[in-house]
Amino acid sequence: MKMKTARIHAFGDASVIRYDDVPRPRPTPGEVLVRVAATSFNPTEAAVRAGLLQAFLPVALPYTLGWDVAGTVAEIGAGTEGFAVGDRVVGRLDGAGAAAEYVSVPCALLVPAPTSVPLTHAAALPVAGLTAWQAVFEHGKVTTGQRVLVNGAGGGVGSFVTQLAKQAGAEVIATASARSAQAVRRHGAEHVIDYTDMPVTAALDRPVDTLLNLVPLSPHDAAALASTVRPGGRIVSITTPVEPPAETKVTAIHMVARNDVAHLAALVELVDEGKVTLDISASHPLADLANVHRLSEAGRIRGKVVIIP
(Lines give C-alpha, C1' and ligand atoms only; values in the text may rest on other atoms or scores of the structure.)
Protein backbone atom coordinates (compact mmCIF):
# COMPACT_ATOMS: atom_id res chain seq x y z
CA MET A 1 0.00 0.00 0.00
CA LYS A 2 1.31 3.45 -0.96
CA MET A 3 1.32 6.73 0.96
CA LYS A 4 2.32 10.35 0.30
CA THR A 5 5.56 11.79 1.71
CA ALA A 6 7.47 15.06 1.43
CA ARG A 7 11.12 14.22 0.69
CA ILE A 8 14.31 15.70 -0.62
CA HIS A 9 16.53 13.81 -3.07
CA ALA A 10 19.14 16.59 -3.25
CA PHE A 11 20.12 19.62 -1.21
CA GLY A 12 19.06 23.06 -2.38
CA ASP A 13 16.27 25.62 -2.20
CA ALA A 14 12.68 24.78 -1.41
CA SER A 15 12.08 23.51 -4.95
CA VAL A 16 13.98 20.28 -4.09
CA ILE A 17 11.07 19.14 -1.89
CA ARG A 18 9.20 16.40 -3.74
CA TYR A 19 5.89 14.75 -2.95
CA ASP A 20 6.49 11.05 -3.47
CA ASP A 21 4.35 7.94 -3.35
CA VAL A 22 6.22 5.36 -1.27
CA PRO A 23 5.28 2.06 0.39
CA ARG A 24 3.59 2.41 3.75
CA PRO A 25 6.03 1.26 6.46
CA ARG A 26 5.41 -1.68 8.75
CA PRO A 27 6.32 -1.39 12.42
CA THR A 28 9.12 -3.63 13.68
CA PRO A 29 9.34 -4.98 17.26
CA GLY A 30 9.38 -2.03 19.67
CA GLU A 31 7.66 0.25 17.15
CA VAL A 32 4.14 1.42 16.37
CA LEU A 33 2.78 2.66 13.07
CA VAL A 34 1.38 6.15 13.54
CA ARG A 35 -1.24 7.58 11.22
CA VAL A 36 0.03 11.15 11.11
CA ALA A 37 -2.48 13.84 12.03
CA ALA A 38 0.16 16.54 11.62
CA THR A 39 3.81 17.40 11.77
CA SER A 40 5.08 20.95 12.27
CA PHE A 41 7.63 23.15 10.56
CA ASN A 42 10.90 23.92 12.35
CA PRO A 43 13.27 26.47 10.77
CA THR A 44 16.23 24.13 11.25
CA GLU A 45 14.63 21.79 8.73
CA ALA A 46 15.13 24.43 6.06
CA ALA A 47 18.84 24.48 6.89
CA VAL A 48 18.94 20.67 6.65
CA ARG A 49 17.13 20.83 3.30
CA ALA A 50 19.68 23.35 2.03
CA GLY A 51 22.58 21.10 3.09
CA LEU A 52 23.92 23.66 5.54
CA LEU A 53 24.07 21.25 8.48
CA GLN A 54 25.70 18.22 6.89
CA ALA A 55 28.85 18.72 8.98
CA PHE A 56 26.84 18.70 12.22
CA LEU A 57 23.63 16.83 11.38
CA PRO A 58 24.35 14.58 8.40
CA VAL A 59 21.36 13.02 6.65
CA ALA A 60 21.16 10.38 3.95
CA LEU A 61 19.14 11.01 0.79
CA PRO A 62 16.34 10.62 0.00
CA TYR A 63 15.28 12.20 3.27
CA THR A 64 11.71 12.49 4.51
CA LEU A 65 11.15 15.72 6.41
CA GLY A 66 9.24 16.16 9.67
CA TRP A 67 10.69 15.90 13.19
CA ASP A 68 7.46 16.51 15.11
CA VAL A 69 4.66 13.97 14.99
CA ALA A 70 1.16 13.86 16.38
CA GLY A 71 -1.19 11.09 15.35
CA THR A 72 -3.02 7.89 16.13
CA VAL A 73 -1.54 4.43 16.59
CA ALA A 74 -2.66 2.37 13.58
CA GLU A 75 -0.61 -0.81 14.01
CA ILE A 76 1.66 -2.32 16.64
CA GLY A 77 4.93 -4.15 16.00
CA ALA A 78 5.40 -7.69 17.25
CA GLY A 79 5.91 -7.83 21.00
CA THR A 80 5.47 -4.10 21.42
CA GLU A 81 3.89 -2.93 24.66
CA GLY A 82 2.77 0.41 26.06
CA PHE A 83 0.34 1.58 23.38
CA ALA A 84 -2.82 0.23 21.76
CA VAL A 85 -4.34 0.79 18.35
CA GLY A 86 -6.31 4.03 18.47
CA ASP A 87 -4.13 5.75 21.08
CA ARG A 88 -3.36 9.43 20.37
CA VAL A 89 0.38 10.06 20.62
CA VAL A 90 2.95 12.79 20.18
CA GLY A 91 6.73 12.69 19.89
CA ARG A 92 9.97 14.01 18.46
CA LEU A 93 11.53 11.92 15.69
CA ASP A 94 15.28 12.35 15.62
CA GLY A 95 15.38 10.51 12.29
CA ALA A 96 12.54 12.69 10.91
CA GLY A 97 9.93 11.09 8.64
CA ALA A 98 6.69 12.65 9.93
CA ALA A 99 6.00 14.64 6.74
CA ALA A 100 4.04 11.64 5.52
CA GLU A 101 0.69 9.94 5.94
CA TYR A 102 2.19 7.22 8.16
CA VAL A 103 5.45 6.76 10.05
CA SER A 104 6.85 3.89 12.14
CA VAL A 105 8.09 5.17 15.48
CA PRO A 106 9.90 3.50 18.39
CA CYS A 107 7.53 3.48 21.37
CA ALA A 108 10.29 4.97 23.51
CA LEU A 109 9.94 8.28 21.62
CA LEU A 110 6.20 8.70 22.16
CA VAL A 111 3.95 9.94 24.95
CA PRO A 112 0.15 10.26 25.12
CA ALA A 113 -0.96 13.41 23.29
CA PRO A 114 -2.70 16.24 25.15
CA THR A 115 -6.46 15.79 25.29
CA SER A 116 -7.40 19.46 25.60
CA VAL A 117 -6.28 20.56 22.12
CA PRO A 118 -6.84 19.27 18.58
CA LEU A 119 -4.45 16.45 17.74
CA THR A 120 -3.13 18.43 14.77
CA HIS A 121 -2.11 21.25 17.13
CA ALA A 122 -0.20 18.86 19.38
CA ALA A 123 2.40 18.50 16.60
CA ALA A 124 3.67 21.96 17.51
CA LEU A 125 4.88 20.77 20.90
CA PRO A 126 7.84 18.32 20.73
CA VAL A 127 10.84 20.06 19.12
CA ALA A 128 10.04 23.62 20.14
CA GLY A 129 8.69 22.67 23.55
CA LEU A 130 11.66 20.47 24.48
CA THR A 131 14.07 23.17 23.36
CA ALA A 132 12.28 25.73 25.49
CA TRP A 133 12.01 23.47 28.54
CA GLN A 134 15.72 22.70 28.57
CA ALA A 135 16.70 26.31 27.86
CA VAL A 136 14.58 27.68 30.70
CA PHE A 137 14.94 25.03 33.39
CA GLU A 138 18.11 23.00 32.75
CA HIS A 139 20.48 25.60 31.33
CA GLY A 140 18.89 28.93 32.27
CA LYS A 141 17.96 27.74 35.78
CA VAL A 142 15.22 30.37 35.78
CA THR A 143 13.62 30.90 39.18
CA THR A 144 11.16 33.19 40.92
CA GLY A 145 12.06 36.86 40.98
CA GLN A 146 14.63 36.82 38.19
CA ARG A 147 14.60 39.26 35.27
CA VAL A 148 14.80 37.24 32.06
CA LEU A 149 15.36 38.62 28.57
CA VAL A 150 13.91 36.43 25.81
CA ASN A 151 15.44 37.44 22.50
CA GLY A 152 13.20 36.18 19.69
CA ALA A 153 10.00 35.65 21.66
CA GLY A 154 7.75 35.76 18.60
CA GLY A 155 9.01 32.50 17.12
CA GLY A 156 7.89 28.94 17.72
CA VAL A 157 10.43 28.27 20.47
CA GLY A 158 9.97 31.79 21.84
CA SER A 159 6.30 31.27 22.60
CA PHE A 160 7.15 28.32 24.84
CA VAL A 161 10.19 29.98 26.42
CA THR A 162 8.15 33.03 27.38
CA GLN A 163 5.40 30.92 28.95
CA LEU A 164 7.77 28.61 30.82
CA ALA A 165 9.88 31.48 32.17
CA LYS A 166 6.66 33.10 33.39
CA GLN A 167 5.59 29.78 34.95
CA ALA A 168 8.94 29.73 36.78
CA GLY A 169 8.08 33.08 38.38
CA ALA A 170 10.39 35.31 36.35
CA GLU A 171 9.79 38.84 35.15
CA VAL A 172 9.92 38.35 31.39
CA ILE A 173 11.25 40.98 29.02
CA ALA A 174 10.83 39.92 25.39
CA THR A 175 11.98 41.14 22.00
CA ALA A 176 9.45 40.86 19.20
CA SER A 177 8.30 42.75 16.13
CA ALA A 178 5.01 44.63 16.14
CA ARG A 179 3.18 41.73 14.47
CA SER A 180 4.11 39.39 17.35
CA ALA A 181 3.85 41.80 20.28
CA GLN A 182 0.25 41.01 21.22
CA ALA A 183 0.86 37.25 21.26
CA VAL A 184 4.06 37.68 23.28
CA ARG A 185 2.24 39.71 25.91
CA ARG A 186 -0.49 37.08 25.99
CA HIS A 187 2.17 34.48 26.73
CA GLY A 188 3.24 36.38 29.84
CA ALA A 189 5.86 38.96 28.88
CA GLU A 190 5.59 42.04 31.10
CA HIS A 191 7.69 44.13 28.73
CA VAL A 192 8.02 43.83 24.94
CA ILE A 193 10.86 45.51 23.07
CA ASP A 194 10.28 46.12 19.37
CA TYR A 195 13.76 45.36 18.07
CA THR A 196 12.87 47.00 14.73
CA ASP A 197 12.31 50.29 16.53
CA MET A 198 15.24 50.54 18.94
CA PRO A 199 18.30 48.60 20.11
CA VAL A 200 17.58 46.21 22.95
CA THR A 201 20.39 47.73 25.01
CA ALA A 202 18.75 51.15 24.78
CA ALA A 203 15.36 49.82 25.90
CA LEU A 204 16.60 48.17 29.12
CA ASP A 205 16.75 50.30 32.25
CA ARG A 206 18.99 47.84 34.12
CA PRO A 207 20.73 44.49 33.57
CA VAL A 208 18.92 41.15 33.47
CA ASP A 209 19.74 37.98 35.37
CA THR A 210 19.38 35.67 32.39
CA LEU A 211 19.45 36.05 28.61
CA LEU A 212 17.72 33.37 26.55
CA ASN A 213 18.72 33.91 22.92
CA LEU A 214 16.66 32.17 20.24
CA VAL A 215 17.75 33.89 17.02
CA PRO A 216 20.96 34.00 14.94
CA LEU A 217 23.14 37.00 15.77
CA SER A 218 26.01 38.89 14.21
CA PRO A 219 29.16 39.15 16.36
CA HIS A 220 28.30 42.80 17.03
CA ASP A 221 24.74 42.01 18.14
CA ALA A 222 25.91 39.05 20.24
CA ALA A 223 28.38 41.27 22.10
CA ALA A 224 25.72 43.92 22.64
CA LEU A 225 23.26 41.42 24.07
CA ALA A 226 25.91 39.91 26.32
CA SER A 227 26.34 43.34 27.89
CA THR A 228 22.73 43.28 29.12
CA VAL A 229 23.44 40.47 31.61
CA ARG A 230 24.52 41.30 35.14
CA PRO A 231 27.86 40.01 36.48
CA GLY A 232 27.37 36.40 37.58
CA GLY A 233 24.27 35.97 35.42
CA ARG A 234 23.56 33.38 32.72
CA ILE A 235 23.33 33.33 28.94
CA VAL A 236 21.69 30.47 27.05
CA SER A 237 21.67 30.49 23.25
CA ILE A 238 20.11 27.92 20.94
CA THR A 239 21.66 29.54 17.86
CA THR A 240 24.76 31.74 17.76
CA PRO A 241 27.10 31.29 20.75
CA VAL A 242 27.01 34.44 22.87
CA GLU A 243 30.28 34.94 24.74
CA PRO A 244 30.46 37.56 27.53
CA PRO A 245 33.71 39.18 28.68
CA ALA A 246 35.54 36.86 31.08
CA GLU A 247 35.68 39.45 33.85
CA THR A 248 31.88 39.50 34.14
CA LYS A 249 31.83 35.87 35.34
CA VAL A 250 28.65 35.30 33.31
CA THR A 251 27.92 31.63 32.57
CA ALA A 252 27.38 31.22 28.80
CA ILE A 253 25.87 28.07 27.32
CA HIS A 254 25.33 27.18 23.67
CA MET A 255 22.78 24.36 23.75
CA VAL A 256 21.30 21.76 21.46
CA ALA A 257 18.09 20.25 22.79
CA ARG A 258 17.91 16.51 23.32
CA ASN A 259 14.96 14.19 23.03
CA ASP A 260 13.48 13.56 26.49
CA VAL A 261 10.06 11.94 26.86
CA ALA A 262 9.86 12.86 30.55
CA HIS A 263 10.14 16.54 29.63
CA LEU A 264 7.65 16.07 26.79
CA ALA A 265 5.16 14.40 29.13
CA ALA A 266 5.55 17.31 31.56
CA LEU A 267 4.80 19.74 28.72
CA VAL A 268 1.71 17.75 27.74
CA GLU A 269 0.51 18.00 31.34
CA LEU A 270 1.00 21.76 31.35
CA VAL A 271 -1.00 22.04 28.12
CA ASP A 272 -3.85 19.99 29.56
CA GLU A 273 -3.79 22.08 32.74
CA GLY A 274 -4.13 25.24 30.64
CA LYS A 275 -0.79 26.57 31.86
CA VAL A 276 0.88 26.43 28.43
CA THR A 277 -0.90 27.29 25.19
CA LEU A 278 0.06 26.24 21.68
CA ASP A 279 0.61 29.26 19.45
CA ILE A 280 -0.52 27.91 16.08
CA SER A 281 -0.30 30.70 13.53
CA ALA A 282 -1.23 28.64 10.46
CA SER A 283 -1.85 25.15 9.13
CA HIS A 284 -0.99 23.94 5.64
CA PRO A 285 -1.49 20.73 3.69
CA LEU A 286 1.55 18.56 3.10
CA ALA A 287 1.58 19.57 -0.56
CA ASP A 288 2.27 23.16 0.51
CA LEU A 289 5.38 22.37 2.57
CA ALA A 290 7.79 23.89 0.03
CA ASN A 291 5.92 27.18 0.26
CA VAL A 292 6.13 27.07 4.07
CA HIS A 293 9.92 26.76 3.73
CA ARG A 294 9.92 29.82 1.45
CA LEU A 295 7.79 31.83 3.88
CA SER A 296 10.15 30.97 6.72
CA GLU A 297 13.24 31.96 4.77
CA ALA A 298 11.55 35.27 3.93
CA GLY A 299 10.91 35.90 7.65
CA ARG A 300 7.14 35.69 7.25
CA ILE A 301 6.29 33.02 9.84
CA ARG A 302 5.20 33.72 13.40
CA GLY A 303 4.62 31.11 16.10
CA LYS A 304 4.20 27.50 14.99
CA VAL A 305 2.95 26.23 11.64
CA VAL A 306 1.45 22.74 11.44
CA ILE A 307 1.56 20.57 8.33
CA ILE A 308 -1.35 18.18 7.72
CA PRO A 309 -0.96 15.17 5.41
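Before I turn to the model, one definition: two rings of Phe, Tyr or Trp, the last taken by its six-membered ring, count as a pair if their centres lie within 6.5 Å, and planes over 60 degrees apart make the pair edge-to-face. What we have here is a predicted model, and it holds one aromatic pair. The partners are Trp133 and Phe137, whose ring centres are 4.7 Å apart and whose planes stand at 65°, so the pair is edge-to-face. Both residues belong to helix 3, residues 126-139, where they are four residues apart, about one turn of the helix. Trp133, at 17% relative accessibility, counts as buried, while Phe137, at 29%, counts as partly exposed.

Let me move on to the cores. The largest nonpolar core has 50 residues, and those with the most contacts inside it are Val90, Leu125, Val150, Val161 and Leu164. Among the elements that give two or more residues to this core are helix 3, strand 9 and helix 4. If we leave aside residues up to four places away in sequence, Val161 touches Ala132, Val136, Val150, Leu212 and Leu214. There is also a second, separate core of 21 residues, which includes Ile8, Phe41, Ala46 and Tyr63.

Finally, helix 7, residues 219-226, has Ala222, Leu225 and Ala226 buried. Seen down the axis of helix 7, these buried residues fall within an arc of 100°, so they line one face of the helix. They pack against strand 9, helix 6, strand 12 and strand 13.

Definitions and conventions:
Residues numbered from 1 in each chain as written. Predicted model: local features only at pLDDT ≥ 70, side-chain atom pairs only at ≥ 80, totals over all residues. Heavy atoms only, no water. Phe/Tyr/Trp six-rings, centres within 6.5 Å; stacked < 30°, edge-to-face > 60°. Buried < 20%, exposed > 50% of the residue type's maximum accessible area, 1.4 Å probe, protein only. Arc of directions from axis to C-beta. Contact = heavy atoms within 4.5 Å. Core = buried A, V, L, I, M, F, W, Y, C linked by side-chain atoms within 4.5 Å.
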